[in-house]
Amino acid sequence: MTSERTSTSPSFSAPSGPGSPSAPGSSAGTGESGSLAAPSSPTAAVAEPARKPTLLSPEISSYFIAGGFAGAASRTVVSPLERLKIIQQVQNRGSSGRYDGVWKSLVRMWNEEGFRGFMRGNGINCVRIIPYSAVQFTTYEQLKKWLTNHGARPLDTPTRLLAGALAGITSVCTTYPLDLVRSRLSIATATMNATPPPTASAALSSSAPLSALRSATRMEATMWGMTLKVVREEGGVRALYRGLVATAMGVAPYVGINFAAYEALRGWVTPPGKASAWRKLTCGALAGSISQTLTYPFDVLRRKMQVTGIQDGSMVKYNGALDAMRQILRTEGVAGMYRGLWPNLLKVAPSIATSFYTYELAKEFLIS
């Protein structure tokens, strides 16, 4: 119980020690080695292996459950902004009926689709984010222990960056098909290419197919229906992993910077005795904003690759992430790589703040 009590300290890096860069390794190592060195009897020495976490240990289970709660809470809070970000990322620059401006677009979304429009795609988003967040937090906590040999080495910033990057890659690889389907559902009913109804003569003379975005059936607007549509029409199961490389390239530095920045900020903003709720939320908001801004172009490429299979002449088809980047830079410049950044930052700040805060609360409750 010594190590478990230590993990309930105000710092997020509880499993390895407090959030300050200097203390974690020494405090965790001292607590563990000191408690094992005191007994001199063979019985105490034999009991040592039983204290190491196993795959289904209560400690690891608490990380997994707390991470799932954190992910669901953080995504639900910002669901309207999450959907708006995806729509703005994939809409064409010169298309009619564009979603321009954050507040104006949110009002339009409410007028056209109501509350269901705000929450559209959030169900599958939660289905994706619960295991995604659970795997990410659990992997990060365990990697910190393994990379520091359970406290024998100090937990410095490079170690946190590496642990976060590997945790991000692990989590995204396990849930990427759900992320792709969620992106398709988010834009399936968006009227970003809305145009006035054609005249009868224009309709007869036109041989262009109806927009795939506007002709989605009810079946295709469900999680299972959209999954079957992608597999059936876009090349089988491999289509569910389109854009995975670009996603991994963006997620690895994003998650690494996110965790490292949060723990560094916790050491400055929440010193001992000043770990109030608003201070913790501030750390999460700042960490999320920093990491997302630095890695946002990868997120744009990921969305472009995910929706490239539903173009009907209104969306550009890309032959890979590098081709997408070249075309975006050629037609829109650097600004095209940051399209939708503002609503995304409005989403990231409360989302990451809620995620870290909920995770710490849930973990402390489960462990104690």
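**Aromatic and charged contacts between helices**

Tyr-140 is buried, at 0% relative accessibility, where buried means under 20% relative accessible area, exposed over 50% and partly exposed in between (1.4 Å probe, protein chains only). The model is a predicted one, in which local features need pLDDT of at least 70 and side-chain atom pairs count only at pLDDT 80 or more, while totals for chains, interfaces and linings use all residues. Residues are numbered from 1 along each chain as its sequence is written, and side-chain values use heavy atoms, with hydrogens and water left out.

A pair of aromatic rings is described by the distance of the centres and the angle of the planes. Rings of Phe, Tyr and Trp (its six-membered ring) are paired if their centres lie within 6.5 Å; planes under 30 degrees apart count as stacked, over 60 as edge-to-face and the rest as tilted. The structure contains nine aromatic pairs. In one of them, the ring centres of Tyr-140 and Phe-259 are 3.9 Å apart and the planes lie at 10°, so this pair is stacked. It links distant parts of the chain, with Tyr-140 in helix H7 (residues 122-147) and Phe-259 in helix H11 (residues 244-269), 119 residues apart. Helices here are DSSP runs (H or I) of at least four residues, numbered from the N terminus.

Phe-259 is itself buried, with a relative accessible area of 1%. Phe-259 also pairs edge-to-face with Phe-356, at 5.7 Å centre to centre and 75° between the planes. Since Phe-259 lies in helix H11 and Phe-356 in helix H14, this pair ties together parts that are 97 residues apart in sequence. Ring pairs join Phe-137, Tyr-140, Phe-259, Tyr-262, Phe-356 and Tyr-359 into a cluster.

Charged side chains come next. With a salt bridge taken as a side-chain nitrogen of Lys or Arg within 4 Å of a carboxyl oxygen of Asp or Glu, the count is 14. Within helix H7, Lys-144 and Glu-141 are three residues apart, about one turn of the helix, and form a salt bridge whose closest N and O atoms are 3.7 Å apart. Lys-144 is buried at 0% relative accessibility, and Glu-141 is likewise buried at 0%. Glu-360 and Arg-266 meet in another salt bridge (2.6 Å, N to O). That pair links Glu-360 in helix H14 with Arg-266 in helix H11, 94 residues apart. Glu-360 is buried at 8% relative accessibility, and Arg-266 is buried at 2%.

Helix H13 (residues 321-332) brings a further example. Its 12 residues should span 16 Å at 1.5 Å a residue, and its end C-alpha atoms are 16 Å apart, which agrees; the expected span is 1.5 Å times one less than the number of residues. Asp-323, Ala-324, Gln-327, Ile-328 and Glu-332 are buried in H13. These residues cover an arc of only 130° around the axis, and therefore sit on the same side of H13; the arc is that of the directions from the helix axis to the C-beta atoms. Leu-322 and Arg-330 are exposed on the other side of H13. Glu-332 forms a salt bridge with Arg-339 (2.2 Å, N to O). Glu-332 has a relative accessible area of 18% and is buried, as is Arg-339 with 12%. After H13 comes Gly-333, with a positive phi near 80°.

Notes: Helix = DSSP H or I, 4+ residues; strand = E, 2+ residues; numbered from the N terminus.
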